[in-house]
Amino acid sequence: MMPKNISLIQLTFSLALFALAASLFNISRYIPEILTTINNTVQHVDNISPEIDRIVDEVALVRAEVTLVREQLATQVPTVLTQVSATLPVIQQVIRESEHYSQQIPAILKQVALVEQNLSSIEKQLPHIFKRIDNITVTTQNVVNEAALWRPHSTQYLAEIEQSKEYIPQYLTRAENIVISAKTIGSEASSGLVSGFLKGVVSLPFEVVSGLSGIVDSSSRSAKKLTAKDVALMQEKVILLLDHSSQLKVIWYNVESGNRGTITKGEKVTKHEKLCYHLTFENSFAKEKEVLRELMCRNDEGLWSVM
């Protein structure tokens, strides 16, 4: 019995080894594919490894940004909530005002109805209003026609007024000379200065005129346009103006040339221990005007001269 049992065991063991060998054989057929897959997986992992590091870095940056956003939200949200809380009363006020306006709408509609009634009444009166407008138009046309008839006369009146303006400076000059003459003719006769309303153009002594030779700037338009008589009148007016402290302005006018002007006394100053005045000359000639400014000072002899 013993040898048979051993043979059975050996047979069973042999079959088991055969089955194991068959299994190992079948497994050995898949080993190359497994190795290839493992190699591919290793290569893919090697390729992905740098990307994984980059992704990890980006995730870290995202986490940092998320942290900053959370901090900003934590800071701003209370402010937003405070502003919202402050806005709520305003919104409530707006709502109350809207309700108040809604209550006034019926009254407004009533007023609109009254306005429509008034418009209807006005429409009924329009024919009468148009008739009055027509009457006004006719009256206006009559006025225009009368104005057209008066226009030639008006042109003549304006021409006469314009002509009279030319004589006004002459009248003012004569009146001014009368006033000055009444004040100075007695006191100034001994010095050779005689006021000129009674004798025409004033003749000043040579020693008085010598210092006034530059009263008109030689480079000015006045020097080219004004006559010798114009300049003589200006010189006389300058002396009269400077010798009367209360007088601030004089007018000169030459009937022969038609030229005229005003002389204004300005600020009083002291220069080299001499009394001086700033004078402004506004000369009108040949439909032109020019303004000149000079400084006049009294010399040691008591005569005025241009500085």
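**Entry 1: the whole chain**

How much of the chain do buried residues make up? I looked this up first. Buried residues account for 20% of the 307 residues. I note that the model is a predicted one.

Next I checked the surface. The accessible surface of the chain is about 23,000 Å². Carbon and sulfur atoms hold 62% of that area.

Then I listed the elements. I found four helices and five strands in the chain. Reading from the N terminus, the order is α-α-α-α-β-β-β-β-β.

Which residues make the nonpolar surface patch? I counted off Phe13, Leu17, Leu20, Leu24, Ile27, Tyr30, Ile31, Ile34, Leu35, Ile38 and Val42. The patch covers about 1,100 Å².

Ile38 sits in helix 1, which spans residues 2-188. Its relative accessibility is 44%, so I put Ile38 down as partly exposed. The cut-offs explain this, because partly exposed lies between under 20% for buried and over 50% for exposed.

**Entry 2: the sheet**

I turned to the strands. Strands of a sheet pair through backbone hydrogen bonds, and they may be parallel or antiparallel. Here the five strands form an open sheet, in the order 1-2-3-4-5, with antiparallel pairing.

Which strands stand at the edges? They are strand 1 (249-253) and strand 5 (304-306). Each has a single partner strand, so one side of each has no neighbour in the sheet. From one strand to the next, the twist averages 30 degrees.

Strand 2 covers residues 260-271 and strand 3 covers residues 274-285. They are joined by 10 bridges. One residue I traced was Lys268, and its bridge partner in strand 3 is Tyr277.

What packs on the sheet? I found helix 4 there, residues 228-242. Helix 4 touches strand 1, strand 2, strand 3, strand 4 (288-298) and strand 5. The direction of helix 4 makes about 160 degrees with that of strand 1.

**Entry 3: salt bridges**

How many salt bridges does the structure hold? I found three. I took them in turn.

Arg221 and Glu288 meet through their side chains, N to O at 2.8 Å. Arg221 is in helix 3 (residues 221-225) and Glu288 is in strand 4, so this pair ties together parts 67 residues apart in sequence. Arg221 has 36% relative accessibility and counts as partly exposed. Glu288, at 28%, also counts as partly exposed.

Lys229 and Glu256 form another salt bridge, at 2.9 Å from N to O. Lys229 belongs to helix 4, while Glu256 lies in the loop between strand 1 and strand 2. They are 27 residues apart, and the pair links distant parts of the chain. Glu256 reaches 65% and counts as exposed.

Arg298 forms a salt bridge with Asp243, with the closest N and O atoms 3.9 Å apart. Arg298 lies in strand 4 and Asp243 in the loop between helix 4 and strand 1, so parts 55 residues apart in sequence are tied together. I looked up both accessibilities. Arg298 is partly exposed at 29%. Asp243 is partly exposed at 33%.

Key:
Residues numbered from 1 in each chain as written. Predicted model: local features only at pLDDT ≥ 70, side-chain atom pairs only at ≥ 80, totals over all residues. Heavy atoms only, no water. Patch = residues over 30% accessible without salt bridge, like charges linked within 9 Å, V, L, I, M, F, W, Y side chains within 5 Å. Areas by Shrake-Rupley, 256 points an atom, 1.4 Å probe, with all protein chains shown as cover. Salt bridge = Lys/Arg side-chain N within 4 Å of Asp/Glu carboxyl O. Helix = DSSP H or I, 4+ residues; strand = E, 2+ residues; numbered from the N terminus. Buried < 20%, exposed > 50% of the residue type's maximum accessible area, 1.4 Å probe, protein only. Pairing = 2+ DSSP bridges. Axes fitted to C-alpha atoms, helices over the stretch in contact; angles between N-to-C directions. Contact = heavy atoms within 4.5 Å.
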